[in-house]
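I opened this notebook to keep track of what I looked up in one model, entry by entry.

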Amino acid sequence: MTDCSPFPNPHFERLNLDHYLFRFQWQSNFSSPIKQNLLSGGVKVLEVGCGTGTWILDMAKEYHPTNIYIGIDILPILPDENSRLSNTGFIQCDLLDGIPFPDSTFDFVCERFLIYPDLTDSQWKYLFSEIKRVLKPGGYLEIMEYRISYDNPGPITQNRNDQVFRYLNSKGIDPEITINSIPQMSSFSDFHKQDKICPIGRWGGEIGLMMLNSYETSQKALNKRFQPGLTEEETDDIFASIASEFDEYKTQLVNFRCYARKN
């Protein structure tokens, strides 16, 4: 997995804001039917690609203290010891070297926004096999990702998206194929999927502004990889034009959750 660290502080802030944005939009931290288990306690939870650990810490505060929550990420942005709760743990490692736990360890595994823009289809398939390996029979896997295309994009936005796709394809990454393969979860049953539409831009009010901030921060970081020759001023001009288009065309971005139970 590509290690793009160190990220600037705005990236940390975006990860934290994204957590609260999507919790508000979905009115929950997950969609799998495991709430009663979490309230009863004794549940082992793994977040794959946990980032700053905000989801883990939020879950640990909300549910029974005998649950155990583990977060794994390649980046050195995990919570420090003073921020952690007694039933949480964090591991910095490359998931493509394997998930460092025995078979059938966890009752619930969550993966959020990990595929785009870093995982090839073969890398995702390997990671998926590792997730399946460490999940207990009867346990739930939940995946949350963006649908890659936009609703109502303007021409500048569409051109930018096409450029990003060409760059990713040149690296062997095709998010559309990978994300579209998610429903084909072999060895899983009770598959469910739900979409949520999120406005992006000032026209969408507070949520739209939060989504715009998230978009600009993440895409500017990506820009350093696929358009390294652009100056900061040129980059700002591109995103100012895109932000104006979001409002003009009332662009929306779709994210989804899907979950299934391991047989």
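The entries below follow that order.

**Entry 1: ground rules and confidence**

I am working with a predicted model, in which local features need pLDDT of at least 70 and side-chain atom pairs count only at pLDDT 80 or more, while totals for chains, interfaces and linings use all residues. Residues are numbered from 1 along each chain as its sequence is written, and side-chain values use heavy atoms, with hydrogens and water left out.

I looked up pLDDT, the predictor's confidence in each residue on a scale from 0 to 100, and found a chain mean of 89, with 94% of the residues reaching 70 or more. Over residues 1-8 the pLDDT stays under 50, and for that stretch the model has 18 contacts beyond four places in sequence, a contact meaning heavy atoms within 4.5 Å.

**Entry 2: salt bridges**

I counted a salt bridge wherever a side-chain nitrogen of Lys or Arg lies within 4 Å of a carboxyl oxygen of Asp or Glu, and the count by this rule is 13. For accessibility I took buried as under 20% relative accessible area, exposed as over 50% and partly exposed as in between, with a 1.4 Å probe and protein chains only. Helices (H or I, at least four residues) and strands (E, at least two) are DSSP runs, numbered from the N terminus.

I looked at arginine 23 and aspartate 58, whose closest N and O atoms are 2.6 Å apart in a salt bridge. This pair joins distant parts of the chain, with arginine 23 in helix H1 (residues 9-26) and aspartate 58 in helix H3 (residues 54-62), 35 residues apart. Arginine 23 is partly exposed at 31% relative accessibility, whereas aspartate 58 is buried at 12%.

I then turned to arginine 133 and glutamate 130, which form a salt bridge at 2.9 Å, N to O. These two are three residues apart in helix H4 (residues 121-134), and so about one helical turn separates them. Arginine 133 is partly exposed at 24%, but glutamate 130 is buried at 10%. I also noted that Asp103, Glu130 and Arg133 are linked in a network of salt bridges.

I recorded one further bridge, between arginine 261 and aspartate 190, with the closest N and O atoms 3.0 Å apart. Arginine 261 lies in strand E7 (residues 252-262) and aspartate 190 in strand E6 (residues 188-199), so that distant parts of the chain, 71 residues apart, are linked. Arginine 261 is partly exposed at 28%, and aspartate 190 is partly exposed at 38%.

**Entry 3: cysteines**

How many disulfides does the structure hold? I found zero, taking a disulfide as a pair of cysteine sulfur atoms within 2.5 Å. The cysteine sulfur closest to that of cysteine 50 belongs to cysteine 93 and is 9.4 Å away, which is too far for a bond. Cysteine 50 is buried, with a relative accessible area of 7%.

**Entry 4: nonpolar cores**

I took a nonpolar core to be a set of buried Ala, Val, Leu, Ile, Met, Phe, Trp, Tyr and Cys residues joined through side-chain atoms within 4.5 Å. The largest has 36 residues, and Leu46, Val48, Ile99 and Leu127 have the most contacts inside it. The elements that each supply at least two residues of this core include strand E1 (44-48), strand E2 (68-73) and helix H5 (155-170), while H4 gives the most, with five residues. Apart from this core lies another, of 19 residues, among them Val45, Cys50, Leu78 and Phe90.

I also listed the contacts of valine 48, leaving aside neighbours within four places in sequence, and they include Ile72, Leu95, Val109, Leu114 and Ile131.

**Entry 5: aromatic rings**

I paired rings of Phe, Tyr and Trp (its six-membered ring) if their centres lie within 6.5 Å, with planes under 30 degrees apart counted as stacked, over 60 as edge-to-face and the rest as tilted. The structure holds 14 aromatic pairs.

Tyrosine 150 and phenylalanine 246 form a tilted pair, 6.4 Å centre to centre and with 35 degrees between the planes. Tyrosine 150 lies in strand E5 and phenylalanine 246 in helix H8 (residues 232-249), so this pair ties together parts 96 residues apart in sequence. Both tyrosine 150 and phenylalanine 246 are buried.

Tyrosine 215 and phenylalanine 246 form an edge-to-face pair, 5.3 Å centre to centre and with 80 degrees between the planes. Tyrosine 215 is in helix H7, so its pairing with phenylalanine 246 in helix H8 ties together parts 31 residues apart in sequence. Tyrosine 215 is buried as well. Finally, I noted that ring pairs link Phe30, Trp55, Tyr63 and Phe108 into a cluster.
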